[in-house]
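Colleague: I have the structure open beside its sequence and would like to go through it with you. Could you take my questions as they come?

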Amino acid sequence: MNASALSVMEEALRAPVMDAVIAVTERYQYLEENRGARVYTAYREVDHVLQVGFSLDFNSQLRADLEGRGFTVLSEREGTQREHRLLLLTLGEIGFCATYSKDYFTASRGLIRHLRNLGWPLGSLSSLLRTPRCDKDSPAI
């Protein structure tokens with residue numbers, strides 16, 4: 001490759017690299033300012049509903065509220081509201097429809113597989129992908 005071609009390639013890569021650096025910086029700044037911000041997954045066995053949620057303050061009150069509605073918190077980690085919005089948009093684009101409201105989905109092995117691939121916290125739920133309890137795309141796990 002000649003110097004001109006390398007220069008063109010460097011110029012083409014500059015914008016995406018800067019976008020990535022800015023996104024990472026914004027994420028760390030957001031998490032610094034919002035220490036309690038978490039993304040989480042909760043599951044309710046009675047109707048096989050998953051909640052993929054976000055909270056600025058994931059505390060015992062929120063956990064008690066979820067448990068009072070029959071949900072078990074499976075996993076949580078640091079996260080941003082932007083990350084949560086992007087997950088919901090992605091799930092919609094690949095064909096998963098929310099049930100009660102925007103955060104609630106009928107649990108299925110396909111949904112769990114996509115959540116795992118998207119890096120969403122699943123806890124013990126990801127182990128269900130390896131069990132032969134039900135059909136791979138069954139609506140309820």
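This is a predicted model: local features need pLDDT of at least 70, side-chain atom pairs count only at pLDDT 80 or more; totals for chains, interfaces and linings use all residues.

Colleague: How are the rings of Phe71 and Tyr104 arranged as a pair?

Modeller: The two rings form a tilted aromatic pair, with 5.8 Å from centre to centre and 50° between the planes of Phe71 and Tyr104. Phe71 sits in the loop between α2 (60-68) and β3, while Tyr104 belongs to strand β4 (residues 104-106), so the pair ties together parts that are 33 residues apart in sequence.

Colleague: And what kind of pair do Tyr100 and Tyr104 form?

Modeller: That pair is edge-to-face, with 6.1 Å between the centres of Tyr100 and Tyr104 and 70° between their planes. Tyr100 is exposed because its relative accessible area is 53%, where the cut-off for exposed is over 50%. Ring pairs therefore link Phe71, Tyr100 and Tyr104 into a cluster.

Colleague: How many aromatic pairs turn up in the whole structure?

Modeller: A search of the whole structure gives 3 aromatic pairs.

Colleague: Let's step back to the fold. What order do the helices and strands come in?

Modeller: The protein has 4 helices and 4 strands, and along the sequence they follow the pattern α-β-β-α-β-α-β-α. Of the contacts between residues at least 6 apart in sequence, 62% join residues at least 24 apart.

Colleague: Now the strands. Which ones does β1 pair with?

Modeller: β1 pairs with two strands in the antiparallel sense: with β2 (residues 49-55) through 7 bridges, and with β3 (residues 72-78) over 6 bridges. To give you a residue on each side, Thr41 has Val52 of β2 as its bridge partner, and Val39 has Arg77 of β3. Strand β1 itself, residues 38-44, is mostly covered, with 6 of its 7 residues buried.

Colleague: What does the turn between β1 and β2 look like?

Modeller: The two strands form a hairpin with 4 residues between them, and His48 in that turn has a positive phi of about 55°. Most residues other than glycine have a negative phi, whereas His48 takes a positive value without being a glycine. His48 is partly exposed, with a relative accessible area of 25%.

Colleague: Back to Val52, then. What is Val52 in contact with, leaving aside neighbours within four places in sequence?

Modeller: Val52 lies in strand β2 and is buried, at a relative accessible area of 1%. With those neighbours left aside, its contacts are Tyr40, Thr41, His84, Leu87, Leu88, Asp103, Phe105, Leu115 and Trp120. The C-alpha atoms of Val52 and Pro121 are separated by 9.0 Å, although the two residues are 69 apart along the chain.

Colleague: What about Ser75, is that one buried or exposed?

Modeller: Ser75, in strand β3, counts as buried because its relative accessibility is 19%, and the cut-off for buried is under 20%. Not counting residues up to four places away in sequence, Ser75 touches Val39, Tyr40, Thr41, Pro121, Leu122 and Gly123.

Colleague: Which residues of helix α4 are buried, and what covers them?

Modeller: In α4, which spans residues 109-117, the buried residues are Arg109, Gly110, Leu111, Ile112 and Leu115. Their cover includes β2, α3 (81-93) and β4. Just after α4, Gly119 takes a positive phi of about 80°.

Colleague: Last topic, the surface. Which residues form a nonpolar patch there?

Modeller: Met1, Leu6 and Met9 form such a patch, and together they have about 340 Å² of accessible area. Met9 is located in helix α1 (residues 3-33) and counts as partly exposed, since its relative accessibility is 40%.

Terms used: Residues are numbered from 1 along each chain as its sequence is written. Side-chain values use heavy atoms; hydrogens and water are left out. Contact means heavy atoms within 4.5 Å. Buried means under 20% relative accessible area, exposed over 50%, partly exposed in between (1.4 Å probe, protein chains only). Two strands pair if DSSP finds at least two bridges between them. Patches are made of residues with over 30% relative accessible area and no salt bridge: like charges are joined within 9 Å, nonpolar side chains (Val, Leu, Ile, Met, Phe, Trp, Tyr) within 5 Å. Accessible areas come from the Shrake-Rupley method with a 1.4 Å probe; for residues, only the protein chains shown count as cover. A salt bridge is a side-chain nitrogen of Lys or Arg within 4 Å of a carboxyl oxygen of Asp or Glu. Rings of Phe, Tyr and Trp (its six-membered ring) pair if their centres lie within 6.5 Å; planes under 30 degrees apart count as stacked, over 60 as edge-to-face and the rest as tilted.
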